[in-house]
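Here's a quick briefing to read alongside the model. Have the structure open as you go.

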Amino acid sequence: MDKVSYVTCPGCSRDFYVERSEYAGHPEAPCQCPFCLREFTAGEGNPRPPLTVNQ
Amino acid sequence: MKGAKVQGLQEFLTTYEEAYPNMVVHVHQEVDARYDAAAIALKAQKELREAPVFILHKLRTITGKISPFPVVLNLFASRQRSAFAVGSTFETLGCDLYEMRSKRIKPVVVNRSEASVKQVVKTGDSANLEEIPGLVHAAWDPGPYVSAGYLTTYDPDTGIDNCALQRGWLYDKKELRIFPNRASHNRWNINKWEERGENAKVAYWAGHHPAVCMGAEAKMGYPLSHWDAAGGCIDEPLRLVPSETLGDDFLVPADAEFVIEGVVPKGKLKPEGPFGEYTRYFGAQRLNPYMEVTCISHRKNAHWVSILTGYADDQIGALRREGSVFSAVQRVVPQIKHVYRPMPAPHHMYIQIRKTHDSQPRMAIMAALSLPDGVKHVFVFDEDVDIFDEQEVQWAIDTRSDWAKDLIVVPNLHASNLDPSTTGGGLGTRAGIDCTIPCPPAVYEQRSFIPQEVMDRIKLADYLPNGKGNNR
């Protein structure tokens, strides 16, 4: 199982990753870009791999 | 601890500088808190034989101001320095710390007027985290972090303290996002308070005599006092003082450089991280608790300590494992001589034994792998192999192990979720390699050598012109 999912900040378009075990199944959960500090939901960050529960 | 009565960080630095004047470097030019300070620490670790302590006297913080607080880097980047702090030696430091912590000396509570950390106390709007000279170490870190702070909680059932080096993002003036991982005792305590319907009281203390820091950084059962373990390492009761805003029963180290007090709102989580972790990978962003800061207290002219996580300065976290491995292996292989966690590999452990039976390396491997505290790869060596010399170690792995018969692999054991090689769910594979030669009557090739009397007689200095030679 992948442990992280890459997301893209909708503000500055830079990539980082979130912990899958905390975000899987919760596309509405908050992320915060470490580069521009913009807040967005995990779903808005186009998570790769997707944050499906059975991934 | 063999030596003078312990006090705080600054007293240690003075003593250490008197003993090793070249190993404390005062930097008076301006240094940027974002990356530059970390780069200085890392370059010193990579380019010098032994990294000195840096004291940055003119740090430009991420808010653009020059900090009134000096910043200390590389405090733990030298194992020799850590050994000096507790009167130990390079080779025996991990085991000595284990024995010292096991002495468990109860702390004493002093009045506020006797506590140097109460020399400046700021509450309410005056308690402003932006005054803390936090550093941004790694490229994905979202801001300045507490990297050498001991997050402290109390078990609501027993009143027993717990503290651990755990990262915290200095988010803004009042908010500090913390990462007490779910398996940690601090998180258990925070959860207990939550289950009672209460906000957890927490504090960071940062900057103290290294012996106190190494003592408090003990992997122990739950609930067991880290104050007692720290007392064992200084051979006297650790001085504690009541908090300012968390109640008189919430005690903090009286001689710390800084104490940051706060509460963790129950049931609320916020994004925290990524952060350059001890594995030298970025730990992912997580949903973690956060502190609402209620008080910052500090010494006058307080020094802020920062640990460059994942590099030599971070060995403070690894030292705790050496003693527990030694103790566990000693029960099944009394002939154990030394253990060593090599700096670049956070989950490796080298074990040196005086082998008397061919079963012993495997017994030692199994004992070490069974421990909960992060040992993933174990290598067992004969006593003629200097396990503190990486050239000797690599030679022995190469020439004394046949992995078809000398490798033990155990899948699905407890693993750190921060280790990217694990599969998640807190499970991973651990393994050990027997790098010893067989016991008699089996025979093995003789390692080559120069006669000892020649090695004793030849003095290199007699053949090197003054100042010549690579000192690296």
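Let's begin where the chains meet: 15 residues of chain A are in contact with eleven residues of chain B, contact being C-beta atoms, placed from the backbone, within 7 Å of each other. This is a predicted model, in which local features need pLDDT of at least 70 and side-chain atom pairs count only at pLDDT 80 or more, while totals for chains, interfaces and linings use all residues. Residues are numbered from 1 along each chain as its sequence is written, and chains are lettered from A and ligands numbered from 1 in the order in which they are written.

**The chain A side of the interface**
- At least two residues each come from β2 (15-19), α1 (20-23) and β3 (30-32) of chain A; helices (H or I, at least four residues) and strands (E, at least two) are DSSP runs, numbered from the N terminus.

**Chain B overall**
- Chain B has twelve helices and 27 strands.
- Its radius of gyration is 23 Å, close to the 23 Å that the globule rule gives for 472 residues, so chain B is as compact as a globular protein of that length (the radius is taken over C-alpha atoms, and the rule is 2.2 Å times the number of residues to the power 0.38).
- Along the principal axes, the C-alpha atoms of chain B fill a box of roughly 75 × 55 × 40 Å.
- Of the 472 residues in chain B, 51% are buried, with 20 or more other C-beta atoms within 10 Å of their own C-beta, which is placed from the backbone.
- Take the contacts in chain B between residues at least 6 apart in sequence, and 70% of them join residues at least 24 apart.

**Helix α9 of chain B**
- Seven of the ten residues of α9(B) (360-369) are buried, so this helix is largely enclosed by the rest of the structure.
- The buried ones are B:Q360, B:P361, B:A364, B:I365, B:A367, B:A368 and B:L369.
- Their cover includes α8 (316-332), β23 (336-340), β24 (348-353), β25 (377-382), β26 (407-414) and β27 (427-435) of chain B.

Note on methods:
Buried ≥ 20, exposed ≤ 12 C-beta atoms within 10 Å, placed from the backbone. Contact = placed C-beta atoms within 7 Å.
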